[in-house]
Amino acid sequence: MGTIHIYTFMQRFSITRRKLLGSMLVGVGALLTGCKMNSIGERTTYKGNVLLDRIPSYQPGLMDAIQFPLIEALYGRRSRRFALGNSIPDGPLAFTSSHDPLPLSKLEQMLLLTTVAGNTGWQFLIPYNQNYLPNIPNYSAAAGGRTFPSGAGFHTTEFFFTDDNGTYFFPTRDAPSLLERGADGEVDLNMYLNAHRHLIRKLSDTRLHTPTVPQHMELHNTWCANRPGSMLIFPVSDLAEHHILNLCYIVQNGACFFDDINKKAIPGIERFKHLVDIENPYPLSFLEQISLTEITVENSTACYAGMLMLQAMGLGGWMYEGINPFSILGASGDPEVPGLGFRYDIDERWPLPNVTGLSGVFEGHCPPHYKDMRAAVEAVVLRKFGRGGPYNSETPGPYRNNSKIRGSAKAHNEEFINCVTVMAEYVYRQFGKFPGTVPSIFTMMFLQAHHLDLGFYDTYFKSGAYLRTHAEHMKRWHSPGSSV
């Protein structure tokens, strides 16, 4: 989309894995030479220079981030909430920034977005289960892998973000491999970021409205959350689809469930007693808790990956839950807070509104976005085995004999689909929604990124309150004369 641009130097020049390795070799060479290992050091430095000799001038912060040690990101991770332009009006940490808010650059945004939700090539699927022989397990729903894990490769989460320029949708769950390597193993970072940039869809020209009152935001966040200059990223999960995939999983492994809330078996499940163990079913509420937990882990690990990148880039920010998810999605009931505009319904059987999807953007696998639960189940099966799916023999992939491996998964037949549908339709009829005890669409975790006001930390904290990347960020990423 036209509103997101990577810096000109990223458009003009290619930064590859081989060249980045070269820069690291230069550093290692200098270290070895400094340790009196002159011969080895000189050879290593020379090797690095050979790999770097065609890299043009660019912002040094990019290389800082790529070379940043993982252990330093882990041990240096902190929630650093005080941004340029912020103010704490009173109390023991009262402080008002003397700077204006500074939005993230387009390059900073793309690096962070691809860290949180980037496609990282083809996923390797689950290679073996002795009960599935001669087939491979067929759990996954996406052929591509991403920067965070998803239970059994379901990948039912997409991402939205907002900043001073608008609100955006960043879909990556069904993207093919966007991380391509050359014959010598090189990765073109410019091409990688551009491939993701083209996935972004602008939904609004304004920042998502999140009022600083208790109904919409925790009071400890009102001074710092989703403020001017910041970028707020949040995963939104299709929990309905995730739960259908879990129903597929249990049926594949000979299990079913009963309604422990209403104390009844699923009508019609006896027809499938040769397929599933109807004498020892799982409790419905337990299975739905599993689906919700798996989604929560997926969302949290994605945001945590972004937290580590904040340390490497020298950006402030933190991951948190302190904004009302109904206000974000648009189900708060307040017409002045439309959020993302997702559809939601209210029923006397439910304690809270149930969000089901945003038409044409992100629609949950349940009515009203599907005519019934059978149609939703069939759509999930198509995602797994249809064009571009992980078990379609024509989908490219990482294997030497790719068509054979992908095609060796057993497809879900009509009887299997009928069994899953019987359980899914029962839940929808009984509870009026799907799943029955947890939301159809779920969001809870947010990642915020912003530029730190170091003056606040220098005033109130001992040395070490921020990392060297934070101390040098403005010079390394935004200094005059940088290539932009």
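In which helix is L74 found? L74 is found in helix α5, where helices are DSSP runs (H or I) of at least four residues and strands (E) runs of at least two, numbered from the N terminus.

## Basis of the model

This is a predicted model, in which local features need pLDDT of at least 70 and side-chain atom pairs count only at pLDDT 80 or more, while totals for chains, interfaces and linings use all residues. Residues are numbered from 1 along each chain as its sequence is written, and side-chain values use heavy atoms, with hydrogens and water left out.

## Nonpolar surface patch

L70, I71, L74, Y75 and Y304 form a nonpolar patch on the surface, with about 540 Å² of accessible area together. Accessible areas follow the Shrake-Rupley method with a 1.4 Å probe, only the protein chains shown counting as cover for residues. Patch residues have over 30% relative accessible area and no salt bridge; like charges are joined within 9 Å and nonpolar side chains (Val, Leu, Ile, Met, Phe, Trp, Tyr) within 5 Å. Helix α5 (residues 70-75) gives the most to this patch, with four residues.

## Salt bridges

The count comes to 14 salt bridges, each a side-chain nitrogen of Lys or Arg within 4 Å of a carboxyl oxygen of Asp or Glu. D64 pairs with R476 in a salt bridge, the closest N and O atoms being 2.7 Å apart. D64 lies in helix α4 (residues 60-67) and R476 in helix α16 (residues 473-477), so the pair ties together parts that are 412 residues apart in sequence.

A salt bridge also joins R374 and E378, with the closest N and O atoms 3.0 Å apart. These two residues, R374 and E378, are four residues apart in helix α11 (residues 373-385) and are separated by about one helical turn.
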